[in-house]
Amino acid sequence: MDLQASGPPDDSPAARAWRQQAITWRNRVMLLLDHLSLPIAFCDSDGVILLANPAMAAEWGMLSGQMQGRNALDFFHPRTPDRLHPIAEAVRLRRRSRYPVEVTWTTADGTERYGEIDVDPVSDTPGATPVLMLLLRIGGDHTHGNAGDGVERPHVNEVEARILAGAAAGDTTARIAKAVGLTVDGVNYHLTQLSQRWGVRGKASLVARAYVTGVLDPKAWPPTVAGTE
């Protein structure tokens with residue numbers, strides 16, 4: 001993003017102040033994206049991911065930076081590929097509109113999910129080539145029957161499972177963050193997401209549900225994710 005595109009053209013104090021203000025607001029927007037629970041990504045006109053927030057990356061048990069440089073179609077499968085043609089035309093003609101696309105995808109633990117992506121061409125100025133903002137609305141999981149004791153194992157990715165194991169061991173949030181390679185805010189974000197998804201409050205309730213539903217191995221100590229050595 002060119003921070004000087006629409007500001008004062010010279011190197012006057014006003015121009016420097018404007019650029020500093022632009023940088024400050026950009027940093028605030030980036031911080032906001034990191035904390036939003038809505039999965040969001042930005043792509044270039046060819047669908048290559050420029051930026052993805054943690055909520056988007058969490059669908060595949062990834063960190064935000066790991067999605068950068070990959071094509072969005074590596075992750076999502078449009079139910080109707082023809083829905084992509086109007087988006088390409090909108091980019092070519094610099095149109096501004098919202099294009100919903102129904103998609104499916106497979107999470108890191110093999111769960112098949114479905115939902116809808118709102119694709120919005122956006123840019124700093126009217127004449128600039130737009131980038132594509134993707135807002136994912138998760139519909140739910142495709143189920144194929146559930147064998148076992150009648151308690152369905154909930155959807156968790158690898159990072160979430162490791163966080164739950166740390167919480168079950170009584171580790172502090174800082175220690176869990178170090179173990180999984182996240183910040184403390186990142187760990188708290190995942191705990192909040194799990195609490196909302198499972199309809200429970202607090203670490204104790206999350207840990208209890210993780211054991212009851214088979215996310216954590218009830219026979220292992222220290223706590224271990226089920227299915228791992």
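Axes here are lines fitted to C-alpha atoms, for helices over the stretch in contact, and angles run from 0 to 180 degrees between N-to-C directions. On the α5 side, the contact uses V159, E160, I163 and L164. On the α7 side, it uses V187, H190, L191, L194, R197 and W198. Contact means heavy atoms within 4.5 Å.

A word on the model. It is predicted, so local features need pLDDT of at least 70 and side-chain atom pairs 80 or more, while totals for chains, interfaces and linings use all residues. Residues count from 1 along each chain as its sequence is written, and side-chain values use heavy atoms, without hydrogens or water.

Back to α7, residues 184-198. Helices (H or I, at least four residues) and strands (E, at least two) are DSSP runs, numbered from the N terminus. α7 has 15 residues and spans 21 Å from first C-alpha to last, close to the 21 Å expected. That expected span is 1.5 Å times one less than the number of residues. Its buried residues include G186, Y189 and W198. Buried means under 20% relative accessible area, exposed over 50%, partly exposed in between (1.4 Å probe, protein chains only). The buried residues pack against α2, α5, α6 and α8. Just after α7, G199 takes a positive phi of about 70°.

Now the sheet. In what order do the six strands stand? The order is β2-β1-β6-β5-β4-β3, in an open sheet with antiparallel pairing. β2 and β3 are at the edges with a single partner strand each, so one side of each has no neighbour in the sheet. Two strands pair if DSSP finds at least two bridges between them. β4 and β5 are joined by eight bridges. E102 stands opposite E116 in β5. Helix α4 lies across β4, β5 and β6, at about 125° to β4.

Last stop: D120, in strand β5. Is D120 buried or exposed? It counts as buried, because its relative accessibility is 10%. Its side chain makes a polar contact with the side chain of R98, at 3.1 Å. A polar contact is a pair of N or O atoms within 3.5 Å; within protein, one must be able to donate a hydrogen and the other to accept it, and residues adjacent in sequence count only if both atoms are side-chain atoms.
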